Amino acid sequence: MIKKEVLEKLCEKIFEEKPPVLQTGFRDLDTILSGVENSSLITIGARPAMGKTSFATNIMLNLLEQNKKCLFFSLEMSEEQAIKRLLGQIGEVDSMLLRNLDGILRRKQSVEKIAEALNKISKYDLTIIDDVHNADEIKEQIEQIKPEFVFIDYLQLIDVPSKKPRSESFEKVMRDLKKIAKDNNCIIFMTSQLSRAIESRCDKRPLLSDLRESGAIENISDVVMFIYRRDYYTNPDYDEEDYARVKDEAEIIVAKNKYGTMATIRLLFRRSIMKFLEPPQPEFDAF
């Protein structure tokens, strides 16, 4: 027999008018992911330098703007490097300038933007941790900090037991992360590397089979999104006009969605500021 309290809780969810648990800040993506619940695992996969960390931190900054509590595990960058990246995205400052502080100091406008970004980031409920190595340490920090949203950059850098085959060990890591999300009622975003197999195909849009340790990630993730940018793959037949047309285009491919449909979302990617943006809304003439 179904428990009465379970039915009552379900009725409350159905009839209660509440905003979606997850609002990424990207209009079309929010529509596709409107059914996402707490305790979800969301994987963002892409080839190196495609923009997966930027996309994850873009979503994180949009959540922080909504006064959400976020925890960012930076397994690849130091805390200082991660903060620089965030400052660049908030202030829309060229990432090359951020690597060269002397260059910023020579540009008054950039200094002002960074000052505004520092003021803004200081008010966010954000914790950045760059010294965890395994799922147990991630669990400990989440239980202590109690964030609403967790970001792990990136998945393949989490240590796995060496005594077992990597695929088997990695499946345990994924199951551990899923349990951590459930026990702590939070949503965990993870960035993930993709296999080089993409490079040998004519159509280089990622597939679920391109995920490294794909069986565990594909099966246990509730949502899997891929990033694809045409300008990443230089076409020798492109002239300057062709390249100018595609250089800012980005596709977010929702390849698995436990809570709804799969779809491809189109965004813009400004590489200089490492930021994804909404494309302009089409304009219609009034009749």
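I began with helix H9 (residues 166-184), whose 19 residues reach 27 Å from the first C-alpha to the last, close to the 27 Å expected at 1.5 Å a residue. The expected span is 1.5 Å times one less than the number of residues. Helices (H or I, at least four residues) and strands (E, at least two) are DSSP runs, numbered from the N terminus.

I note here that this is a predicted model, in which local features need pLDDT of at least 70 and side-chain atom pairs count only at pLDDT 80 or more, while totals for chains, interfaces and linings use all residues. Residues are numbered from 1 along each chain as its sequence is written, and side-chain values use heavy atoms, with hydrogens and water left out.

**Faces of H9**

I looked up the buried residues of H9 and found Ser169, Phe170, Val173, Met174, Leu177, Ile180 and Ala181. They fall within an arc of 145° seen down the helix axis, so they line one face of H9. The arc is taken from the directions from the helix axis to the C-beta atoms. Lys179 and Lys182 are exposed on the other side of H9. Buried means under 20% relative accessible area and exposed over 50%, with partly exposed in between (1.4 Å probe, protein chains only). Asn185 follows H9 and has a positive phi, near 50°.

**Whole chain and core**

I recorded eleven helices and nine strands for the protein chain. Of its 287 residues, 44% count as buried. Among contacts (heavy atoms within 4.5 Å) between residues at least 6 apart in sequence, 70% join residues at least 24 apart.

I then examined the largest nonpolar core, which has 79 residues. Such a core is a set of buried Ala, Val, Leu, Ile, Met, Phe, Trp, Tyr and Cys residues joined through side-chain atoms within 4.5 Å. Phe55, Phe73, Phe151, Ile152, Leu177, Ile188 and Met225 touch the most other members. Helix H3 (residues 52-65) supplies the largest share of this core, seven residues.

**Aromatic pairs**

I applied the ring rule, by which rings of Phe, Tyr and Trp (its six-membered ring) pair if their centres lie within 6.5 Å; planes under 30 degrees apart count as stacked, over 60 as edge-to-face and the rest as tilted. The count comes to four aromatic pairs. Phe151 and Phe189 are stacked, because their ring centres are 4.7 Å apart and their planes are at 5°. This pair links distant parts of the chain, with Phe151 in strand S4 (residues 149-153) and Phe189 in strand S5 (residues 187-193), 38 residues apart. Both Phe151 and Phe189 are buried. Ring pairs also link Phe26, Phe55, Phe269 and Phe276 into a cluster.

**Ser221 and Tyr228**

I located Ser221 in the loop between helix H10 (214-220) and strand S6 (223-228). Ser221 is buried, with a relative accessible area of 1%. Its side chain makes a polar contact of 2.7 Å with that of Thr43. A polar contact is a pair of N or O atoms within 3.5 Å; within protein, one must be able to donate a hydrogen and the other to accept it, and residues adjacent in sequence count only if both atoms are side-chain atoms.

I placed Tyr228 in strand S6. Tyr228 is buried, with a relative accessible area of 8%.
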